[in-house]
Amino acid sequence: MAHPWLAQRTSAFDSSGIRKIFDLAAKMRSPINLSIGQPDYDVPEPVKEALFEAVRSGRNGYSATQGIAPLREALRGRIAPLGHADRDVFVCSGTSGGLVLALMALIDPGDEVIFFDPYFVMYPSLVRMAGGVPVPVDCGPGFGIDVDRVAAAITPRTKAIIVNSPANPTGVQASEADLRAIAELAQAKNVCLISDEIYSQFSYDEPFVSPARFNERTIVIDGFSKSHGMTGWRLGWVHGPQELIDAMLKLQQYTFVCAPHPVQWAGLAAMDVDMSRAVADYRGKRDRIVAGLKDLYELTVPNGAFYVFPKLPWGSGDEFIRAAIERELLIIPGSIFSRHDTHFRISFAADDKVLDRGIEVLRELARR
Ligand code: PMP
């Protein structure tokens, strides 16, 4: 029984199953940890320096709700190629903060929000927190966007569609044709398209494409967490149509207030740091894990992010993950990201030696 003081929204969802794996990891001596959704590299030095400098020079008070002007200017430069007249940008507390604000701004009780299954764990919970109804729609073959399924799932209550490319947990970057099709569908049905682009810097085979290119009213949410290894610094940004941005800012004013002020100066410095070597390194890790597993596991080769989502070779997710944990290997059961207990997530954001140990254990498990 829940505590009588607690609001119903607190029991509308479970706490993330990923946390349980993290707790297990903390107890192991030398875990092979392929469960973590953040880069294994540290924040680049110039970005650290910019943070220290901001703190030292007293930029420690509140910033404007929308973020510091030079960072917004730099972000405006980045989104200028979209060429949308009605598009503004603000700085938020991580992509998660942006997602919270977008859903709070859009969702009335009972409004439906469509997203693809497998999905990022926060989507169904955040939709419920905002009073909405999560509508997961299975991905197409190869974890692609299935536009027909989305079209069939749209009802008069549909308020938004969330797209995440490259995706967590599959690592799949949708094709330009599919992104265009879903963008045009949202436009035709007068439904808001929310594009979670947190992995936009991690594209391995084709250039990154934003669906906002094909739909001027798209709300785009991105951040520095993954690209610059800054997950603990809580810095993201949102851009979209002015009126929607204004509503989100009103909500930010009375919730997050502003993104951490000194971190915003670090974010400005981060925009000048070339991360292409880190991305090339991660492409190499992608190749390493795929080469190590593809003869024994059924998997879609990820072309983005830093995850692989192979099919379970046997048993339920629980059975397989337990056998992995007995061998000190930490991976995440697919049931955390999906209504189907058929796959598991590997994060390849790890040292190559750890990856090799993980590959060895996974090969042994598949043959069991
Ligand atoms: N969206 C997706 C798809 C993610 O994987 C994550 C992080 N795991 C986030 C959003 C949240 O990122 P942030 O640290 O910017 O809040």
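Predicted model: local features only at pLDDT ≥ 70, side-chain atom pairs only at ≥ 80, totals over all residues.
Pro118 sits in the loop between β3 (112-117) and α5 (122-129); helices here (H or I, at least four residues) and strands (E, at least two) are DSSP runs, numbered from the N terminus. Residues are numbered from 1 along each chain as its sequence is written, and side-chain values use heavy atoms, with hydrogens and water left out.

Now hop along to Pro166, in the loop between β5 (158-164) and α7 (176-189). Here too there's a cis peptide bond, joining Ser165 and Pro166, with omega about -10 degrees. Another loop, between α10 (276-293) and β9 (307-308), holds Ala305. Ala305 isn't a glycine, yet its phi is positive, at about 55 degrees. Why point these spots out? Because most residues other than glycine have a negative phi, and most peptide bonds are trans.

Next, the ligand. There are 13 residues around it, and Ser96, Asp196, Tyr199, Ser225 and Arg234 come nearest (a residue is near if one of its heavy atoms lies within 4 Å). Helix α4 (residues 94-106) gives the most to this shell, with three residues. Sorted by type, the shell has four nonpolar, six polar and three charged residues (Ala, Val, Leu, Ile, Met, Phe, Trp, Tyr, Cys and Pro count as nonpolar, Asp, Glu, Lys and Arg as charged, and the others, Gly among them, as polar).

Look for the ligand's oxygen and nitrogen atoms. A backbone N or O atom of Thr95 lies 2.7 Å from a ligand oxygen, while a side-chain N or O atom of Asn168 is 2.8 Å from an oxygen of the ligand. A polar side-chain atom of Lys226 lies 2.7 Å from a ligand nitrogen. On its own the ligand has 400 Å² of accessible area, and the protein covers 92% of that (Shrake-Rupley method, 1.4 Å probe).

Finally, find helix α3 (residues 69-79) and helix α9 (residues 261-270), which pack at an angle of about 35 degrees with their axes 9 Å apart (axes are lines fitted to C-alpha atoms over the stretch in contact, and angles run from 0 to 180 degrees between N-to-C directions). Pro70, Leu71 and Ala74 in α3 meet Gln264, Trp265, Gly267 and Leu268 in α9, with contact meaning heavy atoms within 4.5 Å.

Key
Polar contact = N/O pair within 3.5 Å; in protein donor to acceptor, adjacent residues only side chain to side chain.
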